[in-house]
Amino acid sequence: MQLITVAGPPSSGKTSVLIKTFEALNAQGARAGVVKFDCLVTDDDAIYQQAGIAVKKGLSGVLCPDHYFVSNIDRVLEWSEKQDLSMTVIESAGLCNRCSPHIKGSLAVCILDNVSGLHTPKKIGPMLKLADVVVITKGDIVSQAEREVFAYRVQGVAPRARIIQVNGRSGQGSHALAQMFLQAPVMTGSLADLRLRFPMPAALCSYCLGETRVGTDYQIGQYRKLNIE
Amino acid sequence: MQQLTPEILAQTSLATLLVEYPLLESALLEVGIEFDPDEEATLGSKLEQWASLRQQSADSFLAIVMERITDLQALLGTTNSLHQVEIIAGRDKSGQAESVDRLLLGRGDLLAIVGPTGAGKSRLLADIEWLATGDTPSGRQILVDGQSAADKRFSTGGDQLIAQLSQTMSFVLDATVEELLSLHVESRGMNTALVKETITAANELSGEPFGGTTPLTSLSGGQTRALMVADTALVCRSPIVLIDEIENAGIDRRAAFNLLISQEKIVLSATHDPLLALLAPRRLCMRHGAMHSLHERTPEEEAILTDLEVLDDIHAAIRHQLRHGERLAPIPFEAVRRKTP
């Protein structure tokens, strides 16, 4: 089976791009499905369903979305097997920018949009830096100059990544992305052999356990203070 | 950029290194090393720390980091020397072979692409954009200097082959004209003098001049389009320009094409506008997803182009008069009409 992680900031066009890409994949006879990870709510599963795509959603709720994601990869694989999929795409928006869902040996995709601002690539962190493919969306509404400057900034952060412009509305470029999906490495070995590309953020403090009081007396575990000169 | 040596590593703080070697940050992250960019420690001492944590030698860690940096450097700074592009036909929407079986375009060529909506104009532009190798629904191949250019698909630097211009595009950046152009010039590794040249060239295309300090968002439609054309002609290094309908509001379209062609661009312009279609010496007519017929502009059509340009001027003059509160005089059609021999 092929496992593909797709991550990107909210509203960058992940779902639109993926739906167009699945159309191209299905046309070529792939059995592809998607697992959508989010924090609080998502209606994207209904959008996928409507497009006739096998979909499963996972909401992290009170849990750290990053940790929720990584502790559910086994479930993703189980579900994919039940659905008899040859390709499973994990889409996540809920992960924080410090984090990256990318897994060694699987295709790692980051989706960004041209209108998000020129400083965005630098702020995104390992989700972008460690991606194999960076999809840039909304190129149809900005100037060539802005597209080039944005792509240059992205390449500066992720020099090895292949950058591809995809239009989530018209589907332009989605055929190309589908080809890259089809060439993604096939998972070998068992779940125990899977490794994240980048460690998850440390999270073990009183607030992880539901503390709501703010004062220093209630802060137990891992925390760090602002430096004030 | 100076070669990273063990001596430099031992003596320079991590913060300084990251400024001088921008690729270092990515290399470190790829090896799974996290760091505080403001830290005063040297990379050497940091490596010792990480290596001992993971029970490896600092040298092997350094070797991996250096290898990554070399890879990354190789990815930057190439230029292309393309001479011609060839479109090799594929199939129409029903899978039938296209009637135009190949089309060769050289530097400085302008091709108009015409046809009703849904005839396949955008599909053709998309094939070119993707540098297709028979791997798109049309089955077309795009050859660059006689060869497949699939390896250039993901180029973003000086090696990028294709630039695009379309009427749906606008500037979204909260910056001035000069600021954006400076960023763009920097990202292409070009001379900063180009910023002023581009503004001058844009002003020659649009009737309403603007300066470098004008915010992008306050440019008019015509000024925006003029700036995009000038920027694509002068700053973009891509030899191929795909145009999806330049609107006619307040921009000298002939001058716009001339500017692009003077920079030896290969220009493909999809359009419904007769003036734009006739400005091109050749036009390709699309039908049912296929390249249906290729037409050389005839001398008769060239004369019609002149008429259309006169009409266009009349149209522009009326707009000007209306905008300036002037009364309109009857249109001098007699002067426009060509004498029959």
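pLDDT is the predictor's confidence in each residue, from 0 to 100. The model here is predicted.

**Exercise 1. Confidence in chain B**

Find which elements of chain B have the lowest and the highest mean pLDDT.

*Solution.* 
- Start with the whole chain. The mean pLDDT of chain B is 84. Of its residues, 87% reach 70 or more.
- Now go element by element. Helix 3 (residues 22–30) of chain B has the lowest mean, 68. Strand 10 (residues 290–296) of chain B has the highest, 97.
- Keep a caution in mind. Where pLDDT is low, predicted coordinates should not be read in detail.
- For the model, the scores are ipTM 0.78 and pTM 0.77.

**Exercise 2. The make-up of chain B**

State how many helices and strands chain B has, and what share of its residues is buried.

*Solution.* 
- Chain B holds 13 helices and 10 strands.
- It has 341 residues, and 35% of them are buried.
- Take the contacts in chain B between residues at least 6 apart in sequence. Of these, 68% join residues at least 24 apart.

**Exercise 3. Helix 9 of chain B**

Work out how the reach of helix 9 of chain B compares with the expected span, and what its buried residues pack against.

*Solution.* 
- Helix 9 of chain B runs over residues 221–234, which is 14 residues.
- From first C-alpha to last it reaches 20 Å, close to the 20 Å expected at 1.5 Å a residue.
- Next, burial. Helix 9 of chain B is mostly covered, with 12 of its 14 residues buried. Among them are B:R225, B:L227, B:M228 and B:D231.
- Last, the partners. Within chain B, the buried residues pack against strand 6 (162–166), helix 7 (177–187), helix 8 (194–205), strand 7 (240–244) and helix 10 (253–262). They also pack against helix 7 (144–157) of chain A.

**Exercise 4. A helix pair**

Describe how helix 7 and helix 8 of chain B pack.

*Solution.* 
- Their axes lie 9 Å apart, at an angle of about 125°.
- Helix 7 of chain B and helix 8 of chain B are therefore oblique to each other.
- The crossing is right-handed.
- From helix 7 of chain B come B:V177, B:E178, B:L181, B:S182 and B:V185. They meet B:L194, B:V195, B:T198 and B:I199 in helix 8 of chain B.

Note on methods. Residues numbered from 1 in each chain as written. Chains lettered and ligands numbered in written order. Predicted model: local features only at pLDDT ≥ 70, side-chain atom pairs only at ≥ 80, totals over all residues. Helix = DSSP H or I, 4+ residues; strand = E, 2+ residues; numbered from the N terminus. Expected span 1.5 Å × (residues − 1). Buried ≥ 20, exposed ≤ 12 C-beta atoms within 10 Å, placed from the backbone. Contact = placed C-beta atoms within 7 Å. Axes fitted to C-alpha atoms, helices over the stretch in contact; angles between N-to-C directions. Parallel < 35°, antiparallel > 145°, perpendicular 65-115°, else oblique. Left-handed = near helix turned anticlockwise from the far one by under 90°.
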